Amino acid sequence: PFIVSPPENITVNISQDALFTCQAEAYPGNLTYLWYWEEENVYFKNDLKLRVRILIDGTLIIFRVKPEDAGKYTCIPSNSLGRSPSASAYLTVQYPARVVNMPPVIYVPIGIHGYIRCPVEAEPPVTLVKWNKDGRPLRIEKYSGWNLLEDGSIRIEEATEDALGTYTCVPYNALGTMGQSPPARLVLKDPPYFTVLPGWEYRQEAGRELLIPCAAAGDPFPIIAWRKVPGLPDKSAVPLAFGEYCRQRSHTLSRPLLPPLPLPASAWSSTLPSLSAGTSPHAPTSVHVVVAMTSANVSWEPGYDGGYEQTFSVWYGPLMKRAQFGPHDWLSLPVPAGSSWLLVDTLEPETAYQFSVLAQNKLGTSSFSEVVTVNTLAFPVTTPEPLVLVTPPRCLTANRTQQGVLLSWLPPANHSFPIDRYIMEFRIAERWEILDDGIPGTENEFFAKDLSQDTWYEFRVLAVMQDLISEPSNVAGVSSTDVFPQPDLTDEGLARPVLAG
């Protein structure tokens, strides 16, 4: 096959139908066409598979497009000979501006700048965002230090109690808006601040442990993060922690609130390691931890022993430090001589732990091995899965009229949630085809028009509930005799039925 009419990029508005052409030639001409959205077959993609149709000439029709349908569509024709070609085009879906994932609570730091954001999706881009505060239009110019940014966010230079309240936003683009956001309550929080600062410089022997204090407070309680700055003042030195920065972060505010405070710290060794003369051991490698609910089996590969017999100790501690232990709550267990594994059996279930291994000989200790973080297992809990049920629609009947066929049915006898929609199918021969897949769940009737004359039709209806499709209803048959046809002529000049809801 080779493609003679590849698809072209198209732009449509939301709820309209999109059409991609893709015509190919081959010998023999028994061509089939596959269409892909990004890397997924369109018939396998949830929420798209029920709204697409591939015609015999390769044309792809997407009914009632949604913003999520935008992306790359690829056509692949095949007659099972040679390597199938492909051609791609992009679908752009335009829709009014809409708010997505507006948080119920907006946190702003006290005394420093903060933001009130309106999370928006729009195509074309947003041109205007209107804000309400406590149910009334917000006049930003009345608040000192408040500015409306280009993306519609409000920047507050220094938050005070004047900012407290409930906020909503309405975004607009060239197509309008999909409405107002859910209300969000603004809450003031204390930004983090240092309570304990590291010293300016630390010196420690190579292989020894170095403890550098750093503590902070705030609301919510901040997380302490460390960053090592690369670089050495002297290539002959052995670096342990050069150019350290202590930085404070907050869970809720999700960004550094104060500039990082540079706290250079250096550690130096007076001599370079020499394996021939005997040294302290090298750090263990390949640390592996297998966890259970209350225990962990720690194993490792021993490093160079420095020329002397070495022993090991396993160090461990919870990932989240506990206040009652202070800033350093690692525990250590000695390992029996000659062993390269240890079972730690005093752990708590469903808790994150860190493990490291230390080696020692008569000349000193190694540096710590890599730190391995694992989660202990939780106690097994079995909960029955909730039963999700939808039975087929009932009592489908087909009544012939002068204008078409009136189809009526009863809703499913049992369903766990409200019915979202119905799918009406028909067949003239053996294959069932979709007549309409968007009948509202509140409807129990459907009118089929423009049927071919003197043809026997069979109909059935299915119920859809939260992406769960029921079994089909009973089959209702009817002859189209005395129903006036309005045939649609195909390219071959043959009459085919045109079915519309």
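Let's start inside: Tyr353 and Phe355 are both buried. Keep in mind that this is a predicted model.

Those two residues also bring us to the aromatic rings. How many aromatic pairs does a search of the whole structure find? Eleven. Tyr353 and Phe355 make a tilted pair, because their planes stand at 45° with the ring centres 6.5 Å apart. Two numbers describe any such pair: the distance of the centres and the angle of the planes.

Elsewhere, rings gather in a cluster. Phe20, Trp35 and Tyr73 are linked there by ring pairs.

Next, charges over rings. Look at Trp37. Lys45 lies over its face, 4.5 Å from the ring centre. Then go to Tyr95. Here the charged end of Arg98 sits over the ring, at 5.1 Å from the centre.

Now some strands. S25 covers residues 285-291, and S26 covers residues 296-301. They pair in the antiparallel sense, over five bridges. Together they form a hairpin, with four residues between the strands. For a landmark, take Thr285: it stands opposite Glu301 in S26.

Last stop, Ser470. Where does it lie? In the loop between strand S39, 468-469, and strand S40, 476-479. Is Ser470 buried or exposed? Its relative accessibility is 6%, so Ser470 counts as buried; the cut-off is under 20%.

What is Ser470 in contact with, leaving aside neighbours within four places in sequence? Val390, Thr391, Pro392 and Pro393 come from one run of numbers, and Leu462 and Ala463 complete the list.

Key. Residues are numbered from 1 along each chain as its sequence is written. This is a predicted model: local features need pLDDT of at least 70, side-chain atom pairs count only at pLDDT 80 or more; totals for chains, interfaces and linings use all residues. Side-chain values use heavy atoms; hydrogens and water are left out. Two strands pair if DSSP finds at least two bridges between them. Helices (H or I, at least four residues) and strands (E, at least two) are DSSP runs, numbered from the N terminus. Rings of Phe, Tyr and Trp (its six-membered ring) pair if their centres lie within 6.5 Å; planes under 30 degrees apart count as stacked, over 60 as edge-to-face and the rest as tilted. Buried means under 20% relative accessible area, exposed over 50%, partly exposed in between (1.4 Å probe, protein chains only). A charge sits over a ring if NZ of Lys or CZ of Arg is within 6 Å of the ring centre and within 35 degrees of the ring normal. Contact means heavy atoms within 4.5 Å.
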